[in-house]
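Open the model in a viewer and keep the selection panel at hand. The stops below go from one selection to the next.

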Amino acid sequence: MPTLPHALILEGGGLRGNYTAGVLDAFLEHGLEFPYIIGVSAGVGMSCSFVSKQRERNLHILKNYRNDPRYLSIRSFIKTGDYFGLDFIYHDIPDRFVPFDIETFLASPTRFVSVCTDCETGEPVYFEKGPDILSVMKASSAMPFVSRIVEYGGWKLLDGGISDAIPLAKALSEGFTKNIVILTHPAGYRRKKGIQPPARFFYRKYPRFIEALGNYVEKYNQSLAFAEDEAAAGRTLLIRPSVDLKVSRTDKDMAKLIGLYELGLKDGETAAITLMT
(Lines give C-alpha, C1' and ligand atoms only; values in the text may rest on other atoms or scores of the structure.)
Protein backbone atom coordinates (compact mmCIF):
# COMPACT_ATOMS: atom_id res chain seq x y z
CA MET A 1 0.00 0.00 0.00
CA PRO A 2 1.35 3.49 -0.82
CA THR A 3 2.12 5.53 2.29
CA LEU A 4 1.74 9.21 1.52
CA PRO A 5 3.77 11.82 3.44
CA HIS A 6 0.63 13.68 4.46
CA ALA A 7 -0.94 14.03 7.87
CA LEU A 8 -4.68 13.35 7.93
CA ILE A 9 -6.78 15.73 10.05
CA LEU A 10 -10.42 14.91 10.81
CA GLU A 11 -13.01 17.17 12.39
CA GLY A 12 -16.05 15.80 14.20
CA GLY A 13 -19.72 16.45 13.56
CA GLY A 14 -21.76 13.63 15.06
CA LEU A 15 -23.62 11.74 12.34
CA ARG A 16 -22.13 14.03 9.70
CA GLY A 17 -19.05 11.90 10.33
CA ASN A 18 -20.55 9.38 7.93
CA TYR A 19 -19.18 11.62 5.19
CA THR A 20 -15.71 11.05 6.65
CA ALA A 21 -16.41 7.30 6.76
CA GLY A 22 -17.13 7.33 3.02
CA VAL A 23 -13.97 9.28 2.19
CA LEU A 24 -11.85 6.89 4.25
CA ASP A 25 -13.42 3.82 2.66
CA ALA A 26 -12.48 5.26 -0.74
CA PHE A 27 -8.93 5.69 0.54
CA LEU A 28 -8.92 2.07 1.73
CA GLU A 29 -10.10 0.96 -1.70
CA HIS A 30 -7.02 2.65 -3.18
CA GLY A 31 -4.71 1.25 -0.51
CA LEU A 32 -3.69 4.64 0.85
CA GLU A 33 -1.93 4.93 4.20
CA PHE A 34 -0.74 7.89 6.21
CA PRO A 35 1.99 8.28 8.85
CA TYR A 36 -0.11 10.49 11.13
CA ILE A 37 -3.85 10.77 11.77
CA ILE A 38 -5.34 13.21 14.24
CA GLY A 39 -9.06 13.46 14.82
CA VAL A 40 -11.80 14.84 16.99
CA SER A 41 -14.98 13.14 18.18
CA ALA A 42 -16.64 11.42 15.19
CA GLY A 43 -13.40 11.97 13.27
CA VAL A 44 -11.51 9.50 15.45
CA GLY A 45 -14.59 7.31 15.76
CA MET A 46 -14.67 6.81 12.00
CA SER A 47 -10.93 6.73 11.32
CA CYS A 48 -10.04 3.94 13.75
CA SER A 49 -11.70 1.55 11.26
CA PHE A 50 -9.51 3.01 8.53
CA VAL A 51 -6.36 2.18 10.49
CA SER A 52 -7.68 -1.32 11.27
CA LYS A 53 -8.49 -1.72 7.54
CA GLN A 54 -12.15 -2.59 8.14
CA ARG A 55 -13.83 -1.18 5.07
CA GLU A 56 -17.58 -0.48 5.44
CA ARG A 57 -17.50 -1.18 9.17
CA ASN A 58 -18.89 2.30 9.86
CA LEU A 59 -21.55 1.85 7.19
CA HIS A 60 -22.61 -1.41 8.82
CA ILE A 61 -22.91 0.34 12.19
CA LEU A 62 -24.97 3.12 10.63
CA LYS A 63 -27.40 0.78 8.91
CA ASN A 64 -27.88 -1.53 11.88
CA TYR A 65 -27.66 0.73 14.94
CA ARG A 66 -28.55 4.34 14.08
CA ASN A 67 -32.18 3.71 15.06
CA ASP A 68 -31.32 1.62 18.10
CA PRO A 69 -32.29 3.71 21.16
CA ARG A 70 -29.08 2.61 22.84
CA TYR A 71 -27.15 4.47 20.13
CA LEU A 72 -28.88 7.85 20.20
CA SER A 73 -32.08 8.79 21.99
CA ILE A 74 -33.73 10.68 24.80
CA ARG A 75 -34.12 7.28 26.46
CA SER A 76 -30.36 6.86 26.39
CA PHE A 77 -29.93 10.32 27.92
CA ILE A 78 -32.39 9.61 30.72
CA LYS A 79 -30.97 6.16 31.42
CA THR A 80 -27.23 6.85 31.09
CA GLY A 81 -26.72 10.61 31.05
CA ASP A 82 -25.47 10.44 27.44
CA TYR A 83 -27.68 11.44 24.49
CA PHE A 84 -25.32 9.54 22.23
CA GLY A 85 -25.00 6.21 24.05
CA LEU A 86 -21.24 6.40 24.40
CA ASP A 87 -20.81 3.15 26.32
CA PHE A 88 -22.89 1.37 23.69
CA ILE A 89 -21.01 3.02 20.79
CA TYR A 90 -17.49 2.66 22.14
CA HIS A 91 -17.75 -0.56 24.10
CA ASP A 92 -20.75 -2.75 23.25
CA ILE A 93 -20.60 -2.27 19.48
CA PRO A 94 -16.83 -2.79 19.02
CA ASP A 95 -16.61 -5.53 21.64
CA ARG A 96 -19.74 -7.54 20.76
CA PHE A 97 -21.75 -6.46 17.74
CA VAL A 98 -19.39 -5.10 15.05
CA PRO A 99 -15.96 -6.16 16.30
CA PHE A 100 -13.13 -3.66 16.06
CA ASP A 101 -9.84 -5.26 14.98
CA ILE A 102 -7.69 -3.66 17.65
CA GLU A 103 -4.75 -5.96 16.94
CA THR A 104 -4.42 -4.67 13.39
CA PHE A 105 -5.04 -1.14 14.66
CA LEU A 106 -2.25 -1.30 17.24
CA ALA A 107 0.15 -3.02 14.83
CA SER A 108 -0.20 -0.24 12.27
CA PRO A 109 2.79 2.13 12.01
CA THR A 110 0.37 5.05 11.73
CA ARG A 111 0.42 7.46 14.65
CA PHE A 112 -3.18 7.94 15.73
CA VAL A 113 -4.00 10.92 17.93
CA SER A 114 -7.33 11.64 19.62
CA VAL A 115 -8.17 15.15 20.78
CA CYS A 116 -10.06 15.68 24.03
CA THR A 117 -10.76 18.79 26.09
CA ASP A 118 -9.53 18.96 29.69
CA CYS A 119 -12.37 20.36 31.79
CA GLU A 120 -9.95 21.66 34.41
CA THR A 121 -7.93 23.82 31.98
CA GLY A 122 -10.22 24.19 28.96
CA GLU A 123 -7.24 23.17 26.84
CA PRO A 124 -6.84 20.28 24.38
CA VAL A 125 -5.19 17.02 25.43
CA TYR A 126 -3.70 14.83 22.69
CA PHE A 127 -3.72 11.08 23.31
CA GLU A 128 -1.63 8.66 21.25
CA LYS A 129 -3.09 5.27 20.41
CA GLY A 130 -2.97 2.46 22.94
CA PRO A 131 -4.93 -0.61 24.02
CA ASP A 132 -7.50 1.60 25.78
CA ILE A 133 -8.12 3.71 22.67
CA LEU A 134 -11.88 3.16 22.80
CA SER A 135 -12.10 4.91 26.18
CA VAL A 136 -10.15 7.85 24.78
CA MET A 137 -12.41 8.07 21.73
CA LYS A 138 -15.42 7.99 24.04
CA ALA A 139 -14.04 11.01 25.88
CA SER A 140 -13.33 12.84 22.61
CA SER A 141 -16.97 12.33 21.58
CA ALA A 142 -18.61 13.36 24.86
CA MET A 143 -20.58 16.46 23.84
CA PRO A 144 -21.12 19.15 26.46
CA PHE A 145 -24.54 19.38 28.13
CA VAL A 146 -25.75 16.02 26.76
CA SER A 147 -22.90 13.77 27.93
CA ARG A 148 -21.32 12.93 31.23
CA ILE A 149 -17.77 14.08 31.89
CA VAL A 150 -15.43 11.17 31.15
CA GLU A 151 -12.76 10.48 33.75
CA TYR A 152 -9.65 8.95 32.22
CA GLY A 153 -6.03 8.84 33.35
CA GLY A 154 -6.60 11.48 36.00
CA TRP A 155 -8.24 13.90 33.57
CA LYS A 156 -11.84 15.01 33.40
CA LEU A 157 -12.58 15.13 29.70
CA LEU A 158 -15.18 16.21 27.18
CA ASP A 159 -15.48 16.76 23.42
CA GLY A 160 -12.16 17.60 21.78
CA GLY A 161 -13.94 19.90 19.36
CA ILE A 162 -14.45 22.49 22.09
CA SER A 163 -10.71 23.23 22.32
CA ASP A 164 -9.26 22.12 18.95
CA ALA A 165 -11.99 21.30 16.44
CA ILE A 166 -9.72 21.23 13.36
CA PRO A 167 -6.28 20.26 14.69
CA LEU A 168 -4.28 21.27 11.61
CA ALA A 169 -1.94 23.47 13.66
CA LYS A 170 -1.10 20.45 15.81
CA ALA A 171 -0.13 18.44 12.72
CA LEU A 172 2.03 21.32 11.51
CA SER A 173 3.74 21.47 14.92
CA GLU A 174 4.58 17.78 14.52
CA GLY A 175 6.52 18.63 11.35
CA PHE A 176 3.99 17.67 8.68
CA THR A 177 4.16 20.17 5.84
CA LYS A 178 1.68 18.30 3.64
CA ASN A 179 -1.76 17.82 5.12
CA ILE A 180 -5.23 16.58 4.26
CA VAL A 181 -8.19 17.96 6.20
CA ILE A 182 -11.55 16.21 6.02
CA LEU A 183 -14.41 18.51 7.00
CA THR A 184 -18.06 17.60 7.44
CA HIS A 185 -19.61 20.88 6.29
CA PRO A 186 -19.62 22.12 2.67
CA ALA A 187 -17.66 25.13 1.42
CA GLY A 188 -18.84 28.48 2.71
CA TYR A 189 -19.90 27.19 6.12
CA ARG A 190 -19.23 29.26 9.22
CA ARG A 191 -20.51 28.43 12.66
CA LYS A 192 -22.89 30.90 14.30
CA LYS A 193 -23.53 31.51 17.96
CA GLY A 194 -26.78 30.01 19.10
CA ILE A 195 -28.70 29.61 22.30
CA GLN A 196 -27.21 27.01 24.61
CA PRO A 197 -27.93 25.86 28.15
CA PRO A 198 -26.38 27.98 30.94
CA ALA A 199 -22.83 26.66 31.15
CA ARG A 200 -22.38 27.92 34.71
CA PHE A 201 -25.20 25.68 35.86
CA PHE A 202 -23.59 22.58 34.31
CA TYR A 203 -19.90 23.32 34.79
CA ARG A 204 -19.60 25.70 37.75
CA LYS A 205 -16.63 23.69 39.03
CA TYR A 206 -14.78 24.22 35.75
CA PRO A 207 -14.53 27.97 35.00
CA ARG A 208 -11.87 27.48 32.33
CA PHE A 209 -14.08 25.02 30.50
CA ILE A 210 -16.92 27.57 30.66
CA GLU A 211 -14.53 30.08 29.08
CA ALA A 212 -13.61 27.56 26.37
CA LEU A 213 -17.31 27.04 25.61
CA GLY A 214 -17.77 30.78 25.30
CA ASN A 215 -14.90 31.04 22.82
CA TYR A 216 -15.78 27.91 20.85
CA VAL A 217 -17.57 29.47 17.88
CA GLU A 218 -14.93 32.12 17.25
CA LYS A 219 -12.11 29.63 17.65
CA TYR A 220 -13.76 27.15 15.29
CA ASN A 221 -14.21 29.76 12.58
CA GLN A 222 -10.60 30.86 12.97
CA SER A 223 -9.42 27.25 12.60
CA LEU A 224 -11.58 26.83 9.51
CA ALA A 225 -10.23 30.04 7.95
CA PHE A 226 -6.68 28.87 8.70
CA ALA A 227 -7.32 25.54 6.97
CA GLU A 228 -8.74 27.35 3.95
CA ASP A 229 -5.71 29.66 3.82
CA GLU A 230 -3.38 26.66 3.94
CA ALA A 231 -5.35 25.06 1.11
CA ALA A 232 -5.17 28.26 -0.97
CA ALA A 233 -1.40 28.27 -0.47
CA GLY A 234 -1.21 24.71 -1.80
CA ARG A 235 -0.02 23.17 1.47
CA THR A 236 -3.27 21.45 2.44
CA LEU A 237 -5.88 19.44 0.58
CA LEU A 238 -9.37 20.18 1.87
CA ILE A 239 -11.98 17.45 1.41
CA ARG A 240 -15.53 18.44 2.28
CA PRO A 241 -19.02 17.65 1.03
CA SER A 242 -19.30 18.69 -2.61
CA VAL A 243 -23.08 18.86 -2.18
CA ASP A 244 -24.91 20.21 0.87
CA LEU A 245 -27.21 17.39 1.94
CA LYS A 246 -28.15 19.37 5.06
CA VAL A 247 -27.44 16.53 7.47
CA SER A 248 -27.52 17.46 11.14
CA ARG A 249 -25.35 16.13 13.93
CA THR A 250 -28.22 13.92 15.18
CA ASP A 251 -30.08 13.35 11.90
CA LYS A 252 -32.77 10.63 11.85
CA ASP A 253 -33.16 10.39 8.06
CA MET A 254 -31.41 7.14 7.12
CA ALA A 255 -31.63 7.84 3.39
CA LYS A 256 -29.82 11.18 3.89
CA LEU A 257 -27.19 9.58 6.11
CA ILE A 258 -26.45 6.81 3.61
CA GLY A 259 -26.44 9.45 0.87
CA LEU A 260 -23.84 11.38 2.87
CA TYR A 261 -21.67 8.27 3.16
CA GLU A 262 -21.98 7.70 -0.60
CA LEU A 263 -21.06 11.33 -1.24
CA GLY A 264 -17.96 10.75 0.88
CA LEU A 265 -17.10 7.74 -1.28
CA LYS A 266 -17.42 9.87 -4.41
CA ASP A 267 -15.43 12.81 -3.07
CA GLY A 268 -12.87 10.44 -1.55
CA GLU A 269 -12.41 8.71 -4.91
CA THR A 270 -11.69 12.07 -6.55
CA ALA A 271 -9.25 13.02 -3.78
CA ALA A 272 -7.49 9.65 -3.91
CA ILE A 273 -6.87 10.00 -7.64
CA THR A 274 -5.50 13.51 -7.06
CA LEU A 275 -3.17 12.28 -4.33
CA MET A 276 -1.84 9.40 -6.43
CA THR A 277 -1.05 11.48 -9.52
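Select Cys48 first: its relative accessibility is 3%, so Cys48 counts as buried (under 20% relative accessible area is buried, over 50% exposed, and in between partly exposed, with a 1.4 Å probe and protein chains only). This is a predicted model, in which local features need pLDDT of at least 70 and side-chain atom pairs count only at pLDDT 80 or more, while totals for chains, interfaces and linings use all residues. Residues are numbered from 1 along each chain as its sequence is written, and side-chain values use heavy atoms, with hydrogens and water left out.

Now show the cysteine sulfurs. The structure holds zero disulfides, a disulfide being a pair of cysteine sulfur atoms within 2.5 Å. For Cys48, which is in no disulfide, the nearest cysteine sulfur belongs to Cys116 and is 14 Å away. Move to Cys119, also in no disulfide: the nearest cysteine sulfur is again that of Cys116, 9.9 Å away. Cys119 counts as buried because its relative accessibility is 0%.

Next, select Lys53, in the loop between α2 and α3 (helices are DSSP runs of H or I with at least four residues, strands are runs of E with at least two, and both are numbered from the N terminus). With 38% relative accessibility, Lys53 counts as partly exposed.

A cavity is a set of points on a 1 Å grid over the protein atoms alone where a 1.4 Å probe fits but cannot get out, and lining residues have an atom within 4 Å of a point. The space in this second cavity is about 70 Å³.

For the last stop, select Gly45, Met46, Tyr71, Ile89 and Tyr90, the residues nearest the centre of the largest cavity, whose lining has 24 residues. How much space lies in the largest cavity? About 380 Å³. Colour α5 as well: its five residues are the largest share of that lining.

Technical notes. 1 Å grid on protein atoms, 1.4 Å probe; cavity = no way out; pocket = protein on both sides within 12 Å on 5 of 7 lines; lining within 4 Å. Points joined across faces, edges and corners; volume = space filled by probe spheres on them.
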